[in-house]
Amino acid sequence: MAASSIHAGHRKRLYDKVDQHGLSSLAPHEVLEYLLFFSIPRVNTNEIAHRLIRRFGSLRGVIYADSDDLKAIEGVGVHTVRLLKALPQLCQITMDEELADKPIHSPHELLDFMRLFFAGEKRELCYIFVMDACRYLTHKGVLFAGGRDEVPVYLRDLIETILKYNGAYLVICHNHLGKSCLPSAPDNQMTYEIQEGLRTIGVVLLDHIIISPHGYYSYAAEGDL
């Protein structure tokens, strides 16, 4: 039997399995193999999927890998890189739509968005969510960017942004690149200064959340606000 026929039969079996049971029925390398069907039409993607998993450690590691590092893997071309890099962006877009359609009753409703946004990030960033009096988002985005160890936050710029977008409530989030999500002394000082500064303009700091690859820390949940 020709190799192409073997691959075609294997693809059909994998297609059928996903059609019947969903992607969650597959092992991580099979999920990647399945995705590669759509960028590599006539090649055995099983071998390429295994190469990618070995190189980057996990399916998540593959999806968030640097584009140039992906291209260095045998069998990975520009179409595959575009597909893989589009996946987290697609999730981000759907979450954007969901957040825009409802009020934010609890900062914890933003956690999935934050985890996705910060996944694979190599710098510390400060991301803010500005809400009106009814807790609908009026603005969200990165306000400050730092390096690998810290991100500067300038209170004046923060207040100007909140006033520009008619904010009544604020959630601020930043990431730690290491394993620990516990706040540092500078994190605590920054949170106190932000909270006090916002009081002068009648804005409530609902939470400051720190995201790390291994968890999160919520000042509000810990009773630190």
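Which handedness, left-handed or right-handed, does the crossing of α8 and α9 have? In this predicted model, the crossing of the two helices α8 and α9 is right-handed.

**Helix α9**

Helix α9 comprises the 15 residues 185-199. At 1.5 Å a residue, α9 should span 21 Å, and its end C-alpha atoms are 22 Å apart, which agrees. The buried residues of α9 are D187, M190, T191, I194, Q195, G197 and L198. The partners of the buried residues of α9 are α8, β3 and β4, with the residue ranges tabulated here.

| Element packed against by the buried residues of α9 | Residues |
|---|---|
| α8 | 155-164 |
| β3 | 169-175 |
| β4 | 204-212 |

**The α8 and α9 pair**

Two packed helices are described by the angle between their axes and the distance between the axes. The axes of α8 and α9 come within 11 Å and cross at roughly 45 degrees. The two helices are therefore oblique to each other. From α8, residues L155, L158, I159 and I162 meet E193, I194, G197 and L198 of α9. Of these α9 residues, I194, G197 and L198 are buried.

**S212 in strand β4**

Strand β4 contains S212. S212 has 8% relative accessibility and therefore counts as buried. Leaving aside neighbours within four places in sequence, S212 is in contact with H176, G178, K179, S180 and C181.

Conventions:
Residues numbered from 1 in each chain as written. Predicted model: local features only at pLDDT ≥ 70, side-chain atom pairs only at ≥ 80, totals over all residues. Heavy atoms only, no water. Helix = DSSP H or I, 4+ residues; strand = E, 2+ residues; numbered from the N terminus. Expected span 1.5 Å × (residues − 1). Buried < 20%, exposed > 50% of the residue type's maximum accessible area, 1.4 Å probe, protein only. Contact = heavy atoms within 4.5 Å. Axes fitted to C-alpha atoms, helices over the stretch in contact; angles between N-to-C directions. Parallel < 35°, antiparallel > 145°, perpendicular 65-115°, else oblique. Left-handed = near helix turned anticlockwise from the far one by under 90°.
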